[in-house]
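Let's walk through a protein chain together, one step at a time. Keep the sequence and the 3D view open as you read, and find each residue as it comes up.

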Amino acid sequence: MTILAYDRTGSVRSFDDNGRLRVERTPISKANICLYQGREIPDHARLGLNPDQSYRLLRDPKELEKAADSFNSLPVLEEHVPTSADAHPRELTVGSTMDNARFESPYLTVGMVIFDGPAITRIQSGDQKELSCGYAYEADMTPGTHEGQPYDGRMVNIRGNHIALVTKGRVGPDVLVHDSSATGKAATTMTRKDDTPTAEVPHHEEAESALNEAIQKALSADRALRQATEEARRLVRPLVGEVHGMESADDVYRYALRQSGMAADSLAAINQAGLHALVQTRLEAMTPPITHAPAADETATGYTAPRRY
């Protein structure tokens with residue numbers, strides 16, 4: 001039986017022209033230490049863990065970074081259900097993650113699109129407005145410390161399984177691990193609808209403010225990156241035509257300059273402003289000099305029309 005862990009966070013939402021709900025980038029997991037009951041940890045019997053004892057597990061940042069790609073193109077479901085190609089819950093599928101998952105310490109982030117109208121309505125009404133990711137992992141029960149805090153073991157070999165829309169509740173200041181309960185009662189062996197975990201992380205206003213600030217900074221940086229990239233594509237169009245498949249303005253500029261004859265080595269250490277200036281220089285070299293037409297009161301040929309009386 002596969003044991004999945006579940007992380008929860010608030011969503012950042014927008015809509016496209018077709019009414020689909022888009023989450024361009026949102027934290028779905030975090031590198032931190034959380035409490036787990038022994039029974040919740042995969043292979044706990046083989047590892048010699050007490051099923052009723054609490055263990056501090058680190059969601060290892062290096063493991064999250066390695067796992068980022070596994071959270072691309074995952075199904076978005078209306079509730080937590082383990083998925084596979086052989087057992088895909090079509091009736092619960094309301095969207096998909098994008099292909100932009102990445103680890104931005106300490107957060108694992110990804111974008112997604114929700115294309116089911118009723119699900120969007122429930123999100124807007126508040127009935128289902130949070131996002132929660134489900135994933136599998138293996139436990140390495142080697143103790144250590146992370147940022148000065150002790151842990152009993154690490155999550156390794158993390159593999160994304162799905163993203164779920166969950167009802168609002170147990171709102172925390174950060175990426176909540178809602179399978180680790182302060183009461184010590186939780187269930188992450190997801191085989192029935194009533195197995196939904198009920199855990200909560202203590203709320204801290206300072207941490208909530210820091211999370212909101214981090215989300216806004218990440219969104220602003222992502223918007224600025226996309227705007228700069230689109231501007232670069234527009235600028236180099238006269239040089240090399242349409243440019244696709246590049247995710248930064250620097251890459252677009254370097255590609256255009258290489259295509260126009262500059263050596264790749266000569267461009268490696270140049271920043272974005274310098275690359276932009278070089279592209280402008282190339283464009284100016286392509287533009288023929290402007291010849292001013294004679295003004296209305298200037299004689300271009302030296303011919304003077306005879307005066308009429």
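**A walk through the chain**

Start with Tyr-137, which counts as buried because its relative accessibility is 4%, and buried here means under 20%. Please keep in mind that you are looking at a predicted model. The mean pLDDT of the chain is 75, and 68% of its residues reach 70 or more.

Which aromatic pairs can you find? The structure holds two of them. In one, the ring centres of Tyr-36 and Tyr-137 are 6.5 Å apart and the ring planes meet at 55 degrees, so this pair is tilted. Its partners come from distant parts of the chain: Tyr-36 belongs to strand S4 (residues 33-37) and Tyr-137 to strand S10 (residues 130-140), 101 residues apart. Tyr-36 counts as buried too, because its relative accessibility is 2%.

The other pair is formed by Phe-71 and Tyr-135, with ring centres 6.4 Å apart; their planes stand at 65 degrees, so the pair is edge-to-face. Phe-71 sits in the loop between helix H1 (61-67) and strand S6 (75-77), while Tyr-135 is in strand S10, so this pair ties together parts that are 64 residues apart in sequence. Phe-71 is buried, at 1% relative accessibility, and Tyr-135 is buried with a relative accessible area of 1%.

Now look at what surrounds such residues. In soluble globular proteins, nonpolar side chains tend to be buried together. Here, the largest nonpolar core has 35 residues, and those with the most contacts inside it are Phe-71, Ile-114 and Tyr-137. At least two core residues come from each of S3, S4, S5, H1, S9, H2, S10 and S13. Strand S10 gives the most, with five residues. Apart from this core lies another one, of 14 residues, among them Ala-249, Tyr-253, Ala-256 and Leu-275.

Next, turn to helix H2, residues 117-125. Which of its residues are buried? They are Ala-119, Ile-120 and Ile-123. Viewed down the axis of H2, these buried residues fall within an arc of 100 degrees, so they line one face of the helix. They pack against strands S2 (14-15), S3 (21-30), S7 (93-97), S9 (107-114) and S13 (153-166). At the start of H2, a side-chain oxygen of Asp-116 comes to within 2.9 Å of the backbone nitrogen of Ala-119.

After H4 comes Gly-261, with a positive phi near 115 degrees.

Most residues other than glycine have a negative phi, and most peptide bonds are trans. With that in mind, look at Asp-43, which is not a glycine and yet has a positive phi of about 60 degrees. Asp-43 lies in the loop between S4 and strand S5 (54-59), and its relative accessible area of 48% makes it partly exposed. Ser-73 is not a glycine either, and its phi is positive at about 55 degrees. Ser-73 is in the loop between H1 and S6, and at 47% relative accessibility it counts as partly exposed. For the peptide bond, go to Ser-105 and Pro-106: the bond from one to the other is cis, with omega near 5 degrees. Pro-106 is in the loop between strand S8 (102-104) and S9.

What does the side chain of His-80 make a polar contact with? Its partner is the side chain of His-162, at 2.8 Å. His-80 lies in the loop between S6 and S7, and it is buried, with a relative accessible area of 8%.

Finish with the parts that call for care. Where pLDDT is low, the predicted coordinates should not be read in detail. Over residues 168-208 the pLDDT stays under 50, and the model has 93 contacts beyond four places in sequence for this stretch. Over residues 294-303 the pLDDT is also below 50, and this stretch has one contact in the model beyond near neighbours in sequence.

Note on methods:
Residues numbered from 1 in each chain as written. Predicted model: local features only at pLDDT ≥ 70, side-chain atom pairs only at ≥ 80, totals over all residues. Heavy atoms only, no water. Buried < 20%, exposed > 50% of the residue type's maximum accessible area, 1.4 Å probe, protein only. Helix = DSSP H or I, 4+ residues; strand = E, 2+ residues; numbered from the N terminus. Arc of directions from axis to C-beta. Contact = heavy atoms within 4.5 Å. Polar contact = N/O pair within 3.5 Å; in protein donor to acceptor, adjacent residues only side chain to side chain. Phe/Tyr/Trp six-rings, centres within 6.5 Å; stacked < 30°, edge-to-face > 60°. Core = buried A, V, L, I, M, F, W, Y, C linked by side-chain atoms within 4.5 Å. pLDDT = per-residue confidence, 0-100.
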